[in-house]
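Here is my note on the contact between the two chains, written as numbered points to be read with the structure open beside it.

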Amino acid sequence: MGEMQLMRGNEAIAESAIRAGCKNYFAYPITPQAELLQWMAVHMPEVEGGTFLQAESEIGAINMVYGAASAGERTMTSSSSPGISLKQEGISYLAGANLPAVIVNIMRGGPGLGNIQPAQGDYFQATKGGGHGDYHTITLAPSTVPEAAQLTYDAFDLADKYRTPVTVLADGMIGQMMEPVELPERKDREEIPQKPWATTGAQGRKGNVIKSFALGGEDLKAMNLARFERYEEIKKKEVRSEEVNVEGSEVVIAAFGTVARIVKSTIRLAQEDGLKIGLFRPITVWPFPGEQLNELSKRVDTVLTVEMNSGQMVEDVRLSVKSGTETPFYGEVGGVVPTPGGILEEVKQYV
Amino acid sequence: MSDKATSVKKKDMTKVVGKPDSMNDTHFSYCPGCHHGIINRLIGEAIDELGIQEETIGTAPVGCSVFLYKWFDIDVVQPPHGRVSAVATGIKRARPDKTVFAYQGDGDFASIGTNNSVHAANRGENITVFFINNTLYGMTGGEMAPTTLIGQKTTTTPGGRKAKDFGYPIKMSEMLARLDGPTYITRQAVYDVPRIKSAKEAIVKGFRNQIEGKGYSLIEILSACPINWGLDPVEAVERIKDEVEAVYPLGDIIDRG
């Protein structure tokens with residue numbers, strides 16, 4: 001840790017990636033993540049051996065990531081919702097070929113072109129696989145700029161540790177707003193794990209092969225089962241969540257990212273009205289902190305899920321809580337951001 | 001391998017025939033009369049001759065190309081269909097000191113991957129691309145490719161390709177030659193000894209351009225697909241000479257090395 005700086009979310013994510021040892025960055029312009037690309041254009045060439053390449057398309061960018069990851073380097077792409085849809089084929093291949101990479105999604109309103117306002121409509125896409133086939137990506141959902149920087153930094157370690165693509169799932173609000181942030185230290189080259197599986201030229205060894213392909217059913221089954229064994233380990237070791245003001249609260253709000261940050265204001269407003277409410281905030285939205293939420297649900301009557309979509313994470317909430325827990329939902333869509341007061345009005349129905 | 005079945009001490013021998021060292025001792029699974037095996041072997045010979053087995057990374061996506069990792073004892077990456085030039089770009093940017101090649105069919109390079117193919121060429125990406133043109137999709141069952149000739153019958157143009165409905169055979173090499181990015185673009189064939197020799201020289205040159213940092217090389221190779229053409233291997237060669245070369249003439253298109 002070091003100096004405190006006032007930074008825009010997109011820029012903090014970019015700089016944090018460089019400090020995590022990202023050497024190859026490939027992306028395509030899209031709002032509201034353009035500042036991330038622009039930061040990389042300036043600063044990635046300052047990295048020794050660093051590559052900044054504006055790709056011909058989102059598909060080009062994710063496949064350049066696939067190539068750089070195959071070659072054993074820390075690599076990242078970033079985009080916003082429509083661009084992430086285009087990358088899904090490549091993300092499926094990254095997962096299938098067990099390649100570490102970081103994908104940043106600064107979500108905007110959708111579906112289709114939608115708009116450039118903040119939204120959380122890509123929760124299903126990010127947490128349930130997103131592309132074809134049977135896979136997940138570790139998905140980290142920051143709710144502040146400093147947390148976006150830290151989770152991006154951590155994403156590279158998680159990707160290498162488990163040989164999996166990792167998604168940083170933020171939204172236009174986090175991407176665009178400025179906050180004081182203490183950036184993590186620049187990693188030394190030696191801190192980044194060796195990758196003997198990488199295709200770096202078969203010097204003194206047999207050729208390495210990076211592929212998501214296995215013609216025989218049993219072979220592909222074995223590849224998939226091995227991946228899901230790693231997922232089980234991830235579920236055991238890497239689940240992260242935050243609980244705020246939950247002790248003694250009858251109503252807890254489940255929210256991630258920007259909404260969770262707003263709920264913290266709602267908690268303060270509620271206190272002024274003499275109401276006690278809590279927040280349960282998944283930080284890893286995949287794996288979802290289901291056990292943690294289940295434990296919490298034993299002590300509350302109602303878990304109100306608030307999202308900037310029409311109800312996506314609420315499905316994971318309902319799968320996790322103890323039987324009999326009330327699980328209402330409140331969503332804002334279209335790039336409309338819920339207000340602390342608006343959420344409080346909603347909560348009052350259940351207190 | 002011939003050098004295994006002899007009692008002469010190995011050190012006394014000179015290898016005059018056999019598989020290149022950069023290739024595994026396996027049998028190709030290509031169909032009878034297919035030219036992929038010849039092209040693969042020429043690439044292996046080129047890698048041996050240039051002494052780059054330990055620093056070469058090959059990429060091959062899907063269909064008849066996908067088994068490259070079985071034939072070669074080098075590092076191999078299997079990209080998504082069509083994205084080969086982008087994946088090769090990523091590898092090369094990450095490891096600029098290594099030799100990276102792409103091995104792509106015509107559906108891959110000229111249809112689903114056109115965007116990535118064009119832009120890698122336009123950037124003058126320092127890679128070597130082998131573009132195998134057999135005028136249809138082989139592995140999936142002989143469907144029309146963008147390279148299919150007018151009138152050619154395929155499983156998706158049962159009455160023959162009509163320009164009115166499906167456009168014209170795409171000339172990727174000529175298209176890309178109009179760009180400022182590429183260094184070397186050539187079209188070759190491998191149906192007889194002189195052409196095999198010429199194709200081999202082009203392949204070596206494509207690699208050498210990359211090693212010398214000269215930039216993007218594209219070696220298009222006309223290839224027979226007798227099974228899907230409904231011809232025997234000899235007839236398939238005649239078809240290349242009589243019909244395919246009329247649309248896709250052989251020879252260097254640009255050489256700015």
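1. A definition comes first: two strands pair if DSSP finds at least two bridges between them. The model discussed here is a predicted one, and the points below should be read with that in mind.

2. How do strand β9 of chain A and β2(B) pair, and over how many bridges? Strand β9 of chain A, residues 209-210, pairs with β2(B) in the parallel sense, over two bridges. In one bridge between these strands, V209(A) has V76(B) of β2(B) as its partner.

3. Elsewhere in the sheet, strand β4 of chain B (residues 128-133) and strand β8 of chain B (residues 217-222) run parallel and are joined by six bridges. As an example to find on the screen, V129(B) has L218(B) in β8(B) as its bridge partner.

4. Turning to the contact as a whole, chain A gives 33 residues to it and chain B gives 30 residues. On the side of chain B that touches chain A, at least two residues come from each of β1 (56-59), β2 (75-77), α3 (84-94) and α5 (114-122) of chain B. The largest share of that side, eight residues, is supplied by α3(B), and the residues of the side as a whole divide into 14 nonpolar, eight polar and eight charged.

5. Two packed helices are described by the angle between their axes and the distance between the axes. For helix α3 of chain A (residues 58-70) and α3(B), the angle is about 45° and the axes are 6 Å apart, which makes α3(A) oblique to α3(B). The crossing in which α3(A) passes α3(B) is right-handed.

6. Where these helices meet, the residues of α3(A) include G60(A), N63(A) and Y66(A), while those of α3(B) include A86(B), G90(B) and R93(B). Sorted by class, the contact of α3(A) with α3(B) has nine nonpolar, six polar and one charged residues.

Key. Residues numbered from 1 in each chain as written. Chains lettered and ligands numbered in written order. Predicted model: local features only at pLDDT ≥ 70, side-chain atom pairs only at ≥ 80, totals over all residues. Contact = placed C-beta atoms within 7 Å. Helix = DSSP H or I, 4+ residues; strand = E, 2+ residues; numbered from the N terminus. Nonpolar A, V, L, I, M, F, W, Y, C, P; charged D, E, K, R; others polar. Axes fitted to C-alpha atoms, helices over the stretch in contact; angles between N-to-C directions. Parallel < 35°, antiparallel > 145°, perpendicular 65-115°, else oblique. Left-handed = near helix turned anticlockwise from the far one by under 90°.
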